[in-house]
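Take a look at the chain below. The text after it walks through the fold, one part at a time.

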Amino acid sequence: MHNTGADGMAADGGQPGADHAFLSLERELTVFLRRARASSGELAREVHPDLESAAYGLLLRLADAGAQRATELAGFFGVGKATMSRQLHTLEKLGLVAREPDPADGRAVLVRITDEGRTRFSRVRDARRARYARRLASWDRAEVAELARLLHRLNEGDEA
């Protein structure tokens, strides 16, 4: 809890009614997200030098969830069909994804990660996990599990 004066201003000169826990959360999430954006670009370039940062997340989704329609991917990432089409075209041109007819609906097309895409993606993903393990080596396993649980809870709230 923070202290406020008679004027409602935080004792440390902050905003009126500012909750220091949420201010701290905002500050830490801002740093985390800035680093994540930079890391995403690096990871994408490790998969292929011509990839944009958003492509790594797209490959992650296809590797984890399997083949999907472009409209499903666009909805998952909250982007327009044109943006998704452009990203998929680039990945397809690089041989990292392929399009195939949807067996459930011959009019529809599924996008899947190719063997080459999976190989490149898995190599980078394994290296990233190893970096996480090194960075968190001094943490207790219960702390790592708790961080994962809390992040899942935060992410789940955004998807609801």
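Arg86 and Glu52 form a salt bridge, with their closest N and O atoms 2.9 Å apart. Arg86 sits in helix α4 and Glu52 in the loop between α1 and α2, so this pair ties together parts that are 34 residues apart in sequence. The model is a predicted one. Arg86 is partly exposed, at 41% relative accessible area. Glu52 is partly exposed too, and its relative accessibility is 41%.

A second pair spans a wider stretch of sequence. Arg125 forms a salt bridge with Asp64, again with the closest N and O atoms 2.9 Å apart. Arg125 belongs to helix α5 and Asp64 to helix α2, so the bridge ties together parts that lie 61 residues apart in sequence. Are these two partners buried or exposed? Arg125 has 14% relative accessibility, under the 20% cut-off, so this residue counts as buried. Asp64 has a relative accessible area of 52%, over the 50% limit, and is therefore exposed.Helix α6 holds a pair of its own. There, the side chains of Glu146 and Arg149 meet in a salt bridge, at 2.8 Å from N to O. The two are 3 residues apart in the helix, so about one helical turn separates them. Glu146 is partly exposed, with 34% relative accessible area. Arg149 is partly exposed as well, with 42%. In total, the structure holds 9 salt bridges. Some are linked: Arg69, Asp102, Asp105 and Arg107 are in a network of salt bridges. Side chains of opposite charge can pair when their charged atoms come close.

Now step back to the whole chain. Its secondary structure comes to 6 helices and 2 strands. From the N terminus on, the order is α-α-α-α-β-β-α-α. Strand β1 covers residues 97–102 and runs antiparallel to β2, with 6 bridges joining the two. A hairpin of 2 residues links β1 to β2. Glu100 has Leu110 in β2 as its bridge partner.

What lies inside? The largest nonpolar core has 21 residues. Val47, Leu51, Tyr56, Leu59, Leu73 and Leu91 touch the most other members. Several elements, including α1 (20–47), α3 (70–77), β2 (105–113) and α5 (115–135), each supply at least two residues of this core. Which element gives the most to this core? Helix α2 does, with 6 residues. In soluble globular proteins, nonpolar side chains tend to be buried together.

Leaving out residues up to four places away in sequence, Leu51 touches Ala44, Arg45, Leu59, Leu91, Leu94 and Leu96. His48 lies in the loop between α1 and α2. His48 counts as buried because its relative accessibility is 13%. With residues up to four places away again left out, His48 touches Leu94, Leu96 and Arg120.

The surface comes last. The chain has 160 residues, and 23% of them count as buried. Its accessible surface comes to about 11,100 Å², of which 53% belongs to carbon and sulfur atoms. Trp139, Leu147, Leu151 and Leu154 form a nonpolar patch on this surface, with about 320 Å² of accessible area together. Leu151 is found in helix α6, residues 141–159. Leu151 is partly exposed, at 32% relative accessible area.

Conventions. Residues are numbered from 1 along each chain as its sequence is written. This is a predicted model: local features need pLDDT of at least 70, side-chain atom pairs count only at pLDDT 80 or more; totals for chains, interfaces and linings use all residues. Side-chain values use heavy atoms; hydrogens and water are left out. A nonpolar core is a set of buried Ala, Val, Leu, Ile, Met, Phe, Trp, Tyr and Cys residues joined through side-chain atoms within 4.5 Å. Buried means under 20% relative accessible area, exposed over 50%, partly exposed in between (1.4 Å probe, protein chains only). Helices (H or I, at least four residues) and strands (E, at least two) are DSSP runs, numbered from the N terminus. Contact means heavy atoms within 4.5 Å. Accessible areas come from the Shrake-Rupley method with a 1.4 Å probe; for residues, only the protein chains shown count as cover. Patches are made of residues with over 30% relative accessible area and no salt bridge: like charges are joined within 9 Å, nonpolar side chains (Val, Leu, Ile, Met, Phe, Trp, Tyr) within 5 Å. A salt bridge is a side-chain nitrogen of Lys or Arg within 4 Å of a carboxyl oxygen of Asp or Glu. Two strands pair if DSSP finds at least two bridges between them.
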